[in-house]
Amino acid sequence: MLVLGIETSCDETSAAVLRTAGGEAGPEILSNIVLSQDEIHAPYGGVVPELASRQHIKTIDAIVAESLSRAGVGLEAIDLYAVTQGPGLIGSLLVGLSFAKGLAYYFRKPLVGVNHLAAHLEAAFLENAGIPFPSLGLLVSGGHTSLYLLEEPLSRKLLGRTRDDAAGEALDKVAKFLGLGYPGGPVIERLARGGDPKAFPFAVPRTKDRSLDFSFSGLKTAALRHIRERGVSKSSPALADFLASFEEVVARSLLDNLRRGVDESRPRSLILCGGVARNTRLRTRFHEFALDTDLPAFVPSPKLCTDNGAMVAASALKTFARQPDLIVDLDIDAYPR
Ligand code: KG4
Ligand code: ZN
């Protein structure tokens with residue numbers, strides 16, 4: 001079976017073709033094309049929704065064509081269409097959704113609307129079909145920072161989420177404040193290399209009620225105070241130390257909640273996913289923690305962490321396996337939240 005997955009929820013236009021192998025093995029990724037809009041949004045230091053949807057409209061056709069061509073298949077061979085339905089930017093979502101509906105309708109094939117967060121978690125299963133349940137999943141992206149308990153395939157119980165900024169958003173905002181460019185996460189990672197993560201003192205934030213919720217706005221404020229008080233700038237010698245310290249406290253704060261999540265829910269495995277999971281320091285801390293707790297830990301390879309069509313296709317395949325009589329539902333709508 002061949003599935004085409006389309007993702008346009010934010011500022012990446014992506015399409016992927018997956019083939020199910022049958023049996024225990026997960027699906028095979030035949031292609032996964034991602035076109036980032038970083039250059040378009042960089043001058044603004046963040047995603048401009050209207051520019052994002054216009055760019056999706058311009059490129060979706062070519063990206064889907066490229067994904068088919070790399071996979072060596074034609075549209076008539078696709079058995080199932082998958083598309084991100086939400087959450088995300090409404091204008092951006094509608095581009096992918098309308099495109100996928102058009103194809104599914106024309107070729108009379110089923111269409112599955114996919115939840116973006118479920119797709120990020122699914123990225124981990126794409127490379128490791130046998131992740132043991134229950135699994136504790138930490139999803140860290142530009143728009144979301146959440147902790148989930150996955151009790152069985154396709155299930156997702158929210159244990160905690162950010163009360164203010166997402167972790168990626170905090171990285172993006174600090175980078176913007178220093179004029180380092182957009183997206184902030186990768187730039188901070190690059191410029192923090194060699195820096196001393198203990199040079200700038202940051203306290204790991206804790207919510208007063210000891211819930212499993214996250215909070216990053218306090219860290220962002222503390223970062224801005226250090227910048228002002230110590231005169232940190234794009235060109236100052238302390239930049240690497242400052243960024244390493246900030247990156248470290250973001251990672252520690254995420255792992256702090258994960259640790260409490262493990263204590264409360266006693267999972268059999270751990271998952272880290274979402275765009276910020278590309279970060280080497282976070283990946284390292286996550287694996288150190290897993291070793292410490294003796295739990296098997298899974299992180300998608302970097303390309304599958306940031307938004308991509310393969311995770312959307314993979315998620316749809318699981319839904320379809322449960323509901324094989326699914327048809328094209330042209331009424332499915334995008335949802336921003
Ligand atoms: O999952 P994603 O592609 O989009 C959303 O669903 O939000 O995540 C994008 C976020 C951005 O905030 C970006 O700064 C962050 O992921 N990011 C990173 C790295 N690469 C991307 N953060 C830290 N280190 C990285 N290497
Ligand atoms: Zn995402």
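The zinc ion (ligand 2) in this predicted model is held by His 116 (NE2), His 120 (NE2) and Asp 307 (OD), at 2.0 to 2.1 Å. Donors here are N, O and S atoms within 2.8 Å of the metal (3.2 Å for Na, K and Ca), and water is not among the atoms, so sites may look incomplete. The four donor atoms make angles of 94 to 138°, and the site comes out as irregular. For reference, ideal angles are 109.5 degrees for four tetrahedral donors.

Along the chain, the donor residues follow the spacing H-x3-H-x186-D. His 116 sits in helix H4 (residues 116–127) and Asp 307 in the loop between helix H10 (302–305) and helix H11 (309–322), so this pair, 191 residues apart, links distant parts of the chain. Helices are DSSP runs (H or I, at least four residues), numbered from the N terminus. His 116 and Asp 307 are both buried (under 20% relative accessible area; exposed is over 50%, partly exposed in between, with a 1.4 Å probe and protein chains only).

Turning to the rings, the whole structure holds six aromatic pairs (Phe, Tyr and Trp rings, the six-membered one for Trp, with centres within 6.5 Å; planes under 30 degrees apart are stacked, over 60 edge-to-face, the rest tilted). Phe 125 and Phe 133 are stacked, because their centres are 5.6 Å apart and their planes at 15°. Phe 125 is buried at 6% relative accessible area, while Phe 133 is partly exposed at 22%.

Phe 200 and Phe 242 go edge-to-face instead, at 5.4 Å centre to centre with 80° between the planes. Phe 200 is in the loop between helix H6 (184–192) and helix H7 (217–230) and Phe 242 is in helix H8 (residues 239–265), so the pair ties together parts 42 residues apart in sequence. Both are buried, Phe 200 at 3% and Phe 242 at 0%. Ring pairs join Phe 200, Phe 202, Phe 242 and Phe 246 into a cluster.

Phe 200 also has the charged end of Arg 230 over its ring, 4.1 Å from the centre (NZ of Lys or CZ of Arg within 6 Å of the ring centre and within 35 degrees of the ring normal). Likewise, Arg 156 lies over the face of Tyr 148, 5.7 Å from the ring centre.

Residues are numbered from 1 along each chain as its sequence is written, with chains lettered from A and ligands numbered from 1 in the order written. Local features need pLDDT of at least 70 and side-chain atom pairs 80 or more, whereas totals for chains, interfaces and linings use all residues; side-chain values use heavy atoms, leaving out hydrogens and water.

Notes: Tetrahedral: all angles 85-135°; square planar, octahedral: opposite > 155°, others 65-115°. Helix = DSSP H or I, 4+ residues; strand = E, 2+ residues; numbered from the N terminus.
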